[in-house]
Amino acid sequence: MCGIVGYSGLKPVRQVLTDGLASLEYRGYDSAGVALWENDAVTVIRQQGRLSKLVERLGLMHEQSRCGIGHTRWATHGQPSEVNAHPHRQGRVTLVHNGIIENYLQLREELEKKGYHFQTQTDTEIAAALIDSCYTGSPLEAIRKACAGMEGAYAFAILFDGHPNCVYGVRLGSPLVAAVDETGAYLASDLAAILPYTDRYLLPEEGELLALENGRLTCYDSDLQPMEPVWKQAHWSVEQAQKEGYRYFMEKEIHEQPQALRRTISPRIEDGLPTFGVDGLPAGFFQKIRRLYITACGTALYCGMVGKALIEKIARLPVEVEVASEFRYRDPILEPDSAAVIISQSGETADSLAALRLLKARGIPVIAIVNVVGSSIAREADYCLYTYAGPEIAVATTKAYSVQVAMMYLIAILAAGERQVVDQEQQRRLIEGLEEAVELTPKVLAMKEEIRSYARGLRDTESMFYIGRGLDYSLALEGSLKLKEISYIHAEAYAAGELKHGTLALVTPHTPVVALATQPELLSKTVSNMREVMARGGPVLALVTEDLEIDAGACDQRITIPGKGGIFAPLLVVIVLQMIGFYAAEERGCDVDKPRNLAKSVTVE
Ligand code: M6R
């Protein structure tokens, strides 16, 4: 949800900013802009559309500048036009912003009374004016005072006239990282922009301020007293954040799933049994828990649904799963002796973070399952179980989902043991089942030609369905999301038995249906639903594990998933679903990594 970057130092800033924005472009790509210190004045250059257009426009100019800020936008307030593009300038203040100022209309009224005029519909221009209105010579004082009047979420990088070669930063509810190398000081929305220079970074707490002054970085506490920075070490390399020969990040990330799964699972297995000791989760945590709440958004939510099925089945622990944006406003009735799990790749999703805060305020212990180290959700949860997927750049989540699902298995198996639903031998067998499924993932990746050939046939499809029962239904939801978000084919997921209650009316020979049939105990029921579709002329692709038989008349085409049907099939099926989405989008000429209207990290409501 917008990427910001800032630099002050010895290097030509134009390159630092555009390189940084290139690695943050997954956060939004409606417009891009920079503000540069040149000859003791600030020059602003903004451009609607992708960063490449801005780079073209910058050309070889502005080579002398050594300090500036940059922005890549995912539009919230105001259209994705040049005038609404960041940086925004009011009075002596120029800034870039990631987040939303919720009380901006009220602030706008107050500032208009003070004589400010606004050219844009953005909340960011109001923030610039507010900071300018608080400015009496000290940038830090002005920022602190203005922030006290702002409601919402923000990470700002700010330039003040009269303070050449200085960038100031502050955050509330939106991410910000800072770093230094031998040439100068950096700030950015995330590590990807900083990793090419250094793997040592700091994460300012909310309310702390950063000053990048002539290449030096100083951190200030909320009383504006300089403080010792707390440095962290990055565990991602810059290579991991590059395409390494693949045409798209999504393609690369799909192929990274076997390693990501092994990296995530193996530190949590000791003597064949699951443990979250490395994560600091106390042994026996699930012993007394009577109910688990899982809340998340999008793909992470669908992972939560898989988690519910697994945890209820294996550990007999009741689980409620809810969309974070609904949960947070519903005044939920939370039972004593319950716990919660928040799932988030980025660790910054605004609705998931708000759900976490609500749960904590109600005294419910929260476990976060997060991929991005040091992110807000990771920091605020009582316990954080990091997934080790490595950086995920493509907007469409793939490997991060698989490792989240792996965590669901581990939680289910661990909780089953702690609740004495299964004994150690049974736990060991379940862990073996999980490891066997992981070892089969390369086999699914090797099926790409077969999957691509099906996906090519979707070139002119306008609408399709994904159906399944039980775990297969949760997977169908993820499969349909993957397809629609990157190929723009309308896709809906249905519990297979529910189709006949209305939606079957939409099935025609032009409505392909992907039927997931990997759960042995539900197979005959799902096959009946496939037949119902076939009888209406709907072309059915069946995704069936190799041990399960279905009659030839139940589908037009079958893709056979390696391994056995049952609880571990999701780890294999999802790869097929991801590849269907990927190859369909590629066939339709879509921008796979940067689908329209979307952004990777959703830090607004
Ligand atoms: O970073 P998060 O996992 O919290 O993001 C939640 C959703 O925005 C995300 O899963 C989204 O649905 C996927 N990128 C879609 O592929």
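Y197 is partly exposed, because its relative accessible area is 22% and that class lies between buried (under 20%) and exposed (over 50%), with a 1.4 Å probe and protein chains only. The model you are looking at is predicted, so local features need pLDDT of at least 70 and side-chain atom pairs count only at pLDDT 80 or more, while totals for chains, interfaces and linings use all residues. Residues are numbered from 1 along each chain as its sequence is written, and side-chain values use heavy atoms, with hydrogens and water left out.

Y186 counts as buried, at 1% relative accessibility. What do the two rings do together? The structure holds 11 aromatic pairs, where rings of Phe, Tyr and Trp (its six-membered ring) pair if their centres lie within 6.5 Å, and planes under 30 degrees apart count as stacked, over 60 as edge-to-face and the rest as tilted. Y186 and Y197 make a stacked pair, because their centres are 4.5 Å apart and their planes meet at 15°. This pair links distant parts of the chain, 11 residues apart: Y186 sits in strand β10 (residues 184-188), and Y197 in the loop between β10 and β11 (200-201). Strands here are DSSP runs of E with at least two residues, and helices are runs of H or I with at least four, numbered from the N terminus. Ring pairs also bring in Y7, which forms a cluster with Y186 and Y197.

A second pair has another geometry. F285 and Y383 are edge-to-face, with 5.6 Å from centre to centre and 80° between the planes. F285 lies in the loop between β17 (273-274) and β18 (291-296) and Y383 in strand β22 (residues 383-386), so this pair ties together parts 98 residues apart in sequence. F285 counts as buried at 12% relative accessibility, whereas Y383 is partly exposed at 22%.

Rings also meet charges here. R200 lies over the face of W231, 4.2 Å from the ring centre, and R596 lies over the face of Y488, at 3.8 Å. The criterion is NZ of Lys or CZ of Arg within 6 Å of the ring centre and within 35 degrees of the ring normal.

Now for the ligand. It is surrounded by 15 residues, and the closest are S344, Q345, S346, T349 and E485; a residue counts as near if one of its heavy atoms lies within 4 Å. Ligand oxygen atoms lie 2.6 Å from a side-chain N or O atom of S344, 2.6 Å from a polar side-chain atom of S346 and 2.4 Å from one of T349. Taken alone the ligand exposes 410 Å², and the protein buries 91% of that.

H88, in strand β5 (residues 88-90), counts as buried at 1% relative accessibility. A polar atom of the H88 side chain lies 3.1 Å from the backbone oxygen of N84, and one lies 3.4 Å from the backbone oxygen of A85. L356, in helix α10 (residues 350-361), is buried as well, at 0% relative accessibility. L356 and V341 are 15 residues apart in sequence and 8.6 Å apart in space, C-alpha to C-alpha. Leaving aside residues up to four places away in sequence, L356 touches I342, V366, I377, E380 and A381, where contact means heavy atoms within 4.5 Å.

Note on methods: Polar contact = N/O pair within 3.5 Å; in protein donor to acceptor, adjacent residues only side chain to side chain. Areas by Shrake-Rupley, 256 points an atom, 1.4 Å probe, with all protein chains shown as cover.
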